[in-house]
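Hello,

The structure we spoke about is below.

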Amino acid sequence: MTALSAIDGTNEDKAAADDVTAVLGQDLNGMLRILTCGSVDDGKSTLIGRLLWDATDLYDDQRATIERSGRTAGGTDNPDFSLLVDGLVAEREQGITIDIAWRYVDTKTRRFVIIDSPGHEQYTRNMASGASHADLAIMLIDARHGVKTQTRRHAAILDMIGVKRVILAVNKMDLVDWSEDLFRAIETDFKALCKNFGFWEALAIPASAAGGDNVARRSENMPWYTGPVLLEHLEELPSRGTAPTGPFRMPVQTVLRDGRDFRGLAGTVSNGTIRVGETVVDPISRKSARVQRIATMDGDLESAHQGHAVAIQLDTDIDVARGSVLAHNDTLPTVTRTLKAKIVWLSDVAFDPRGSYLLRSATDLVPISMLEITALLDLDSLDQKPANVCGVNDIALCSIALGRPTALDTFSGAQETGSFMLVDAITGASIAAGVVSEASNQATDQAGDVFLLTRAMLDRGLCADLVTSGGSEAEFSRRANEVALILRAAGIKVEVESPPDYQI
């Protein structure tokens, strides 16, 4: 069987999936990160607990504790396997998952990292956080209830965050008399749902987590189902790609010095490959230099690719600090002040057009001069409906104007440098997660009442000490951002002047 079979079952879908696997350099032996999601009480924790119980070598005292728990799973005589996953006291008392639970599962052939996420709408933000780490998602639904609004919301978030493989576990089949007709109807609904998103592959599996049917062993109660059981299927899936893909990107985390001649730009390569001798560019200043050395804790490298944490030493010192993105000159990210994006609103406090917000990219923090909601995703029809308001758990389209330029990619081109968080400028709370759909290198088209905070103003006042003492450009930018935030909080539209070619 192929790594994953699309529920359409067409040869074209399977061939396309195999091509993607080959391109990404994925393998069937690496660690697999799995998110579980779905509505509350659909049995996510029970499913993962059952997988741990049946397929791994749990310690004897763990098994004894669960057997002595006195609670049963789904009204059966089986132990309550969710206790193996739900670790918080509140989770055990209420019988729900509240926080993300990470579990490492070692079977005879492979290691899985299972990210068990909450199903309740109140904790959708936790589910979105977990999804950002996942290679694939297992979406659970109760066979009695079928596809629900929360199922659609989770599918939309998975698609937005870039999870490309989805398994639908139709749980609690024992409560619907193992009905094939009911399962096929749910499978059809799921297939129609997935056509609205960019999933590479999707598969529906009928299961009973409490009884273990089609979890780690084939069910005798559903002989009509001839597809893979869950564990068998997971063991066939490719892990996250290790081959370098896309244009080179390295968001700079910090600058390292050894007190002598070494000055290294430290960060993790998020895309592509960089080699000693190649030229890198800071997209904002357009300053460039050749890579002289790629240093790591384990010694120097001749090349580094995505996932490598390195410190790059250049043959010429250019003023690059935290917030910059290194790239190759022929594949630069867009230096933008205006962008269009898709966001999921995570805050209990609704969007306020008069509010003060920041955009936090991989390593940069930029004041927002204008945030406009343009549409909401209707979770029933999955159509985009024009709107100018946004509340908790809403998935929205928006336009953003920034107070100063920053380097961004579209999410489809480079995921890390094409994604961001929206942050409340006053409290520092994360209020939304987003991905860039369009980024413009054109100047912001603002009305004439926008106040321009110029470098000359800052040179004469707040930043005068940096000019006379040779302070850092990073500190200059930080102070400029703080002034912009104060003005924005006072209701003044403000932009920060782009830095000139010279550096202090």
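Confidence of the model

The protein has an average pLDDT of 82, and 82% of the residues score at least 70; pLDDT is the predictor's confidence in each residue, from 0 to 100. This is a predicted model, in which local features need pLDDT of at least 70 and side-chain atom pairs count only at pLDDT 80 or more, while totals for chains, interfaces and linings use all residues. Residues are numbered from 1 along each chain as its sequence is written, and side-chain values use heavy atoms, with hydrogens and water left out.

Two stretches call for caution. Residues 88–98 stay under 50 in pLDDT, and the model has 26 contacts for them beyond four places in sequence (a contact means heavy atoms within 4.5 Å). Residues 444–448 are also below 50, with nine contacts in the model beyond near neighbours in sequence. Where pLDDT is low, the predicted coordinates should not be read in detail.

Aromatic pairs

There are six aromatic pairs in the structure. Rings of Phe, Tyr and Trp (its six-membered ring) pair if their centres lie within 6.5 Å; planes under 30 degrees apart count as stacked, over 60 as edge-to-face and the rest as tilted.

One of the pairs joins Phe183 and Tyr225 edge-to-face, at 6.4 Å centre to centre and 80° between the planes. Phe183 belongs to helix H7 (residues 180–194) and Tyr225 to the loop between strand E6 (201–206) and helix H8 (230–236), so this pair ties together parts that are 42 residues apart in sequence. Helices (H or I, at least four residues) and strands (E, at least two) are DSSP runs, numbered from the N terminus.

Buried means under 20% relative accessible area, exposed over 50%, and partly exposed in between (1.4 Å probe, protein chains only). Phe351 and Tyr357 form a stacked pair, 6.2 Å centre to centre with 25° between the planes. Phe351 is buried at 10% relative accessibility, and Tyr357 is buried at 7%.

Ring pairs also link Phe183 and Tyr225 with Trp224 into a cluster.

Arg479

Arg479 is in helix H11 (residues 473–489) and counts as buried, at 16% relative accessibility. Its side chain makes a polar contact of 2.8 Å with the side chain of Glu475 (a pair of N or O atoms within 3.5 Å; within protein, one must be able to donate a hydrogen and the other to accept it, and residues adjacent in sequence count only if both atoms are side-chain atoms). Leaving aside residues up to four places away in sequence, Arg479 touches Leu462, Cys463, Asp465 and Leu466.

Regards
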